[in-house]
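Please look through the sequence and the model shown here before reading on.

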Amino acid sequence: MKSCAAERRQTAMAYAFLLPTLLVLGLFHFFPMLQAFGISLMQYTPGSPRNEFIGLENFRRLMGDAAFWTALKNTVLYLACVPVIIALSLALALLVEPQIPFIGFFRACYYVPVVTMMVVVAYAWSLIFNTDYGMLNQLLVGSGLVSSGVPWLTSPKMALWSIMSVTIWKGLGYYMVLFLVALKTVPRELVEAARIDGAKRWQVFRNVTLPSVWPIVTLSSVISAIAALKVFEEIYMMTRGRADTATLVYEIYQTGIDMERGSGLEMGYASAMGVVLFVLVLAISAFSIRTMDRMYSS
Amino acid sequence: MARNKQLRAGSGESGLRIPATELVWRYALMVALLGLFIGPFLWMVSLSFRGTENVYALRLIPEDPTLRNYIDVFRYFPLGRAFANSIFVALFTVGLNLMLCSLAAYPLARFQFLGKRVVFLLILSTLMIPFQLYMIPLYVMSLKLGLADTLWGIILPGCVGAFGIYLIKQHYQTIPVTLDEAARIDGAGDFAIWWRIMLPLTKPAIAALAIFIFVGTWSDFLWPLIIINSTDKFTLPIAVAKLSGAFIDRSQYIAAGSTLAALPVIIMFFLMQRRFIGGLTLGAVKG
């Protein structure tokens with residue numbers, strides 16, 4: 001009887017500690033989350049008398065919406081950043097791994113883009129990519145490599161790839177640090193023994209280094225893939241979605257929130273796109289949990 | 001002969017020797033990469049010191065360096081206000097996160113109570129669900145609650161987070177339970193145990209979490225962009241974005257504003273590198 005009272009007392013105490021957190025998460029996260037699914041089934045504009053339940057109509061409309069397909073295509077294309085970022089950051093980590101003089105300085109400098117806000121990074125890079133006065137075109141035209149400025153951010157063929165290179169550039173330092181931590185777990189005796197036995201650098205990397213850092217390869221792939229699906233700021237700052245660069249999140253923002261858009265906000269329709277994004281993120285999370293489970297259990 | 005040319009790697013713990021030729025190409029490559037990673041920022045900073053002539057001329061040191069742009073950007077744009085707003089938002093977001101995350105983590109680490117598993121899974125589930133899914137209903141709700149176009153509207157939705165709770169909980173679990181029991185025998189209540197034992201013993205984790213939250217909040221863009229309308233409520237990232245709309249023909253102003261906005265975090269980073277990198281990689285390694 002007494003222990004039962006003690007248990008009840010502890011439950012009450014536990015919820016006292018958890019109360020502020022549960023209030024914030026419930027009000028600002030779970031409640032709007034449920035609403036998002038509800039709104040995605042509605043024709044919804046705040047303050048409009050015509051808000052009504054329309055079933056799957058928003059999703060049906062998405063199927064025939066060219067802008068949505070472009071955004072979805074760009075979001076999926078953005079996943080191409082993942083292998084590039086993994087390969088380059090691993091190479092970078094291998095470069096700065098040895099404890100030689102000033103190595104800390106170099107590592108820190110490569111990390112600066114990570115701590116700098118994306119808005120500033122994107123602006124700095126638009127000064128480089130600008131067709132008319134950008135640094136890159138000045139160099140290219142000046143050296144005679146091209147006859148006129150390359151439309152890095154204005155041509156639909158190139159713009160998305162230019163922006164992706166900025167995303168990759170900003171992230172490299174972060175994944176470099178993850179790989180530096182992982183490289184410490186590479187069994188040193190094994191590397192030395194292999195080298196003494198005359199193994200080539202590539203063979204050591206392939207057979208000793210890579211298997212030991214593989215868990216971080218998986219982890220980094222998941223983190224960067226989910227980040228790639230949510231890309232927004234680079235697009236907003238560098239092209240405003242022009243030159244066929246709108247991604248899903250940019251399209252959601254434009255359709256549901258951007259007041260500067262003339263044709264009125266369509267929050268229900270935008271929420272339907274949000275549901276598509278949610279499904280993509282969930283698919284990657286589920287896939288990653290399964291892979292990691294298998295990895296850690298073996 | 002070749003063996004004599006080999007240099008011993010500096011750390012001592014590393015037994016591998018690096019040949020001199022390899023050292024040369026390593027440093028050459030690292031210096032070249034320095035240009036790639038720092039160059040774009042230097043170009044922007046260079047632009048911020050230029051007068052009105054030859055703004056984009058290909059040189060790092062301006063012909064006639066001037067501080068004019070820095071003064072003007074404050075005069076023609078409420079950048080000072082944006083700084084104050086960003087500091088306000090960052091202080092409260094970090095402070096509330098530290099407090100709420102450590103409070104919530106305590107029962108999750110120490111108590112047996114009804115619904116514990118459900119509560120913990122609910123908290124963790126927020127990590128899997130993209131904010132971009134529900135930012136629209138959250139915005140509508142903020143309008144109704146009178147939080148739209150206020151700094152508190154930025155702070156409140158982000159004032160506690162699953163990752164912080166998880167991190168602190170993991171650290172609480174490394175503290176021996178015997179410490180709590182001893183304190184309990186001395187008559188301490190749950191709150192006193194949390195405040196006097198758990199909190200002081202998790203200081204490094206709390207510092208790391210503070211940096212993690214601070215950097216995230218300082219750079220946060222999408223939600224403030226949605227919820228803030230008035231110029232006097234802009235945070236720095238919004239101010240930088242609006243600057244580039246307002247002064248299209250004055251890149252020097254935008255460059256000056258961007259440099260100032262990015263500088264505080266970069267300075268903090270160089271002052272506390274270890275802490276910073278530790279704090280920012282927490283998200284991946286522990287989560």
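What follows goes from the separate chains to the contact between them.

This is a predicted model, in which local features need pLDDT of at least 70 and side-chain atom pairs count only at pLDDT 80 or more, while totals for chains, interfaces and linings use all residues. Residues are numbered from 1 along each chain as its sequence is written, and chains are lettered from A and ligands numbered from 1 in the order in which they are written.

The secondary structure of chain A consists of 13 helices and two strands; helices (H or I, at least four residues) and strands (E, at least two) are DSSP runs, numbered from the N terminus. Along the principal axes, the C-alpha atoms of chain A fill a box of roughly 80 × 75 × 30 Å. Chain A has a radius of gyration of 25 Å, whereas a compact globule of 298 residues would have one near 19 Å. The radius is taken over C-alpha atoms, and the globule rule is 2.2 Å times the number of residues to the power 0.38.

Chain B contains 15 helices and two strands. Its C-alpha atoms fill a box of roughly 75 × 75 × 35 Å along the principal axes.

Chain B is divided into domain 1 (2-48) and domain 2 (73-285), with bounds that come from an automatic or database domain assignment. The centres of these two domains of chain B, taken over C-alpha atoms, are 36 Å apart. Four residues from domain 1 of chain B and six residues from domain 2 of chain B form the contact between them; residues are in contact if their C-beta atoms, placed from the backbone, lie within 7 Å.

How many residues does each chain give to the contact between the chains? Chain B gives 78 residues and chain A gives 71 residues. Helix α2 (residues 20-48) of chain B gives the most to the side of chain B that touches chain A, with 13 residues. That side of chain B divides into 63 nonpolar, 13 polar and two charged residues. Here Ala, Val, Leu, Ile, Met, Phe, Trp, Tyr, Cys and Pro count as nonpolar, Asp, Glu, Lys and Arg as charged, and the others, Gly among them, as polar.

Two helix pairs show how the chains meet. Helix α13 (residues 267-297) of chain A packs with helix α6 (residues 131-145) of chain B at an angle of about 160°, their axes 8 Å apart. Axes are lines fitted to C-alpha atoms, for helices over the stretch in contact, and angles run from 0 to 180 degrees between N-to-C directions. α13(A) and α6(B) are therefore roughly antiparallel, a term for angles over 145 degrees, while those under 35 count as roughly parallel, 65 to 115 as roughly perpendicular and the rest as oblique. Residues in this contact include A:G274 of α13(A) and B:I136 of α6(B).

In the other pair, the axes of helix α6 (residues 118-129) of chain A and helix α13 (residues 236-246) of chain B come within 9 Å and cross at roughly 25°, which means that α6(A) is roughly parallel to α13(B). Among the residues in contact are A:Y123 of α6(A) and B:P237 of α13(B). By class, this contact of α6(A) with α13(B) has six nonpolar, one polar and no charged residues.

Terms used:
Contact = placed C-beta atoms within 7 Å.
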